[in-house]
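Please look at the model with the notes below beside it.

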Amino acid sequence: MSKIGVHSIIGPRTGYGEFLKKIKAAGAKLAIVKCVDDFGPAKEAKDINPATLTVGRLNTFRDAQGNTVDTQGFEPLLPNGTLRDAREVAAWYYERLRAKWLEHPFIDVWETFNEFSGHWGWQGEFYVAMMDLAEPDGFKLAHYACSTGNPPDAATARQMVPCLQETKRRGHYLSLHEYGGVGNRSPGVSNPPTLRGTEPFHALRYRAFYQTILIPNNADPKLIISECGQAGGFDFLGTQTLVSDMTWYDSELFKDEFVVAAAIFTLGKWMDSNVNFQEALPGLADYIISTPTPAPTSKPQSGTSPVFGAPTPTPTPTPTPTPTPTPTPGRARGAPRAQYRRTYLLLPNEPATPEGNKRLDAWTQAVVASGVLTRFRWTLGTSADDAGIGDLERRAVIAINPETWPSSLSQFYAREYPGVTYEAIQAATPSELTAKLANMSFG
């Protein structure tokens with residue numbers, strides 16, 4: 001089943017009802033409908049197939065004086081430089097939105113703030129307080145709704161960890177946005193308007209966030225991409241381009257079990273843009289109908305004893321003697337089986353003493369905590385020769401604190417291992433190293 005669905009706001013959505021019925025008639029399911037202010041599309045989707053996930057958000061409400069209040073984010077910083085109490089703000093917010101939420105029981109998940117790119121730690125306190133208030137009424141929440149390219153770096157992302165640990169524990173969601181056509185790949189070179197081609201800094205940024213920050217910290221709740229789209233959300237590029245792009249995006253979403261669904265922005269009228277993709281609905285329905293659910297990756301399960309119900313012991317296999325390998329004719333000893341790119345992260349040169357080993361262990365743990373080994377599959381070690389040796393076309397060495405070596409590493413590699421690409425990282429402490437490497441991993 002496709003993980004692609006639709007985002008809808010107030011405005012025309014010609015063909016939407018036929019789109020829902022066509023998917024239902026084919027025995028398929030629309031993964032998600034995300035609505036802002038106008039919740040009719042969510043109700044219509046639920047009536048046709050209750051299994052569709054519905055997400056809602058209110059942009060505004062009116063206060064007691066009739067003034068319009070923007071609910072997408074609040075400035076928590078007071079004139080004296082202190083922050084408003086996040087729990088008090090959450091109580092004020094919830095008191096004004098609760099009745100509206102209760103009027104729409106067909107909404108499965110509610111978002112609060114939207115693309116509020118600041119005060120990340122304070123936001124987390126607000127969301128935890130919101131969960132405390134919303135859970136007794138049976139509401140599920142999706143937090144943050146970060147704009148594409150956010151959180152901007154690993155240091156910011158780590159501010160979100162305490163909230164997302166609670167979010168996972170309590171069964172709520174993280175919400176993120178991803179767009180093509182935003183920002184530059186390099187100075188003077190714009191990103192393509194499609195999602196494809198902007199990875200990993202815009203499309204699939206979520207993957208680095210999870211692999212590098214959230215999963216290692218047990219802060220990985222289920223993820224809803226509540227907005228995704230092309231041209232920064234300002235233009236509809238045509239049915240073929242949209243469906244082709246979403247076919248690629250969907251194939252990537254399938255790889256990550258924690259991704260629930262992604263909603264294409266948008267049906268309806270947004271500002272003065274030409275983004276309404278209603279004419280693509282028939283083609284999108286055809287794609288959703290034709291996309292089967294990939295076979296789940298099965299995990300080994302213990303057997304059960306028919307008498308006692310205890311796990312059945314797995315027999316120990318008889319060891320098979322390992323044959324002596326026969327060298328491949330014509331290949332020199334140590335030559336690679338196939339060419340590949342190797343990046344070697346060279347640890348500081350610490351002496352083989354108890355004190356030096358303790359420091360080396362701290363540097364090693366810092367590297368592991370950064371996530372680069374799992375994200376990029378780099379090689380980690382302590383030998384400058386191991387880092388340079390090998391009949392490989394592409395060899396890269398990243399040396400941590402190279403001044404700990406008795407002579408210049410750059411000159412060493414230029415002389416002894418020509419062709420090695422050499423870089424250096426300076427870090428005064430293991431925690432600083434973790435931050436620097438994590439920012440490389442996180443993008």
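**Notes on the model**

1. Asn150 sits in the loop between strand E7 (140-146) and helix H5 (154-159); helices (H or I, at least four residues) and strands (E, at least two) are DSSP runs, numbered from the N terminus. This is a predicted model, in which local features need pLDDT of at least 70 and side-chain atom pairs count only at pLDDT 80 or more, while totals for chains, interfaces and linings use all residues. Residues are numbered from 1 along each chain as its sequence is written, and side-chain values use heavy atoms, with hydrogens and water left out.

2. Asn150 has a relative accessible area of 16% and is therefore buried (under 20%; exposed is over 50%, partly exposed in between; 1.4 Å probe, protein chains only).

3. Leaving aside neighbours within four places in sequence, Asn150 is in contact with Ser117, Trp120, Leu176 and Arg205 (contact: heavy atoms within 4.5 Å).

4. Ile225 belongs to strand E11 (residues 222-229). Its relative accessible area is 0%, so Ile225 is buried.

5. Which residues does Ile225 contact, leaving aside its neighbours within four places in sequence? They are Leu176, Glu178, Tyr206, Tyr249, Ala261, Ala262 and Ala263. His177 is 48 residues from Ile225 in sequence, yet their C-alpha atoms are 5.5 Å apart in space.

6. The lining of the second largest pocket has 8 nonpolar, 8 polar and 4 charged residues (nonpolar: Ala, Val, Leu, Ile, Met, Phe, Trp, Tyr, Cys and Pro; charged: Asp, Glu, Lys and Arg; polar: the others, Gly among them).
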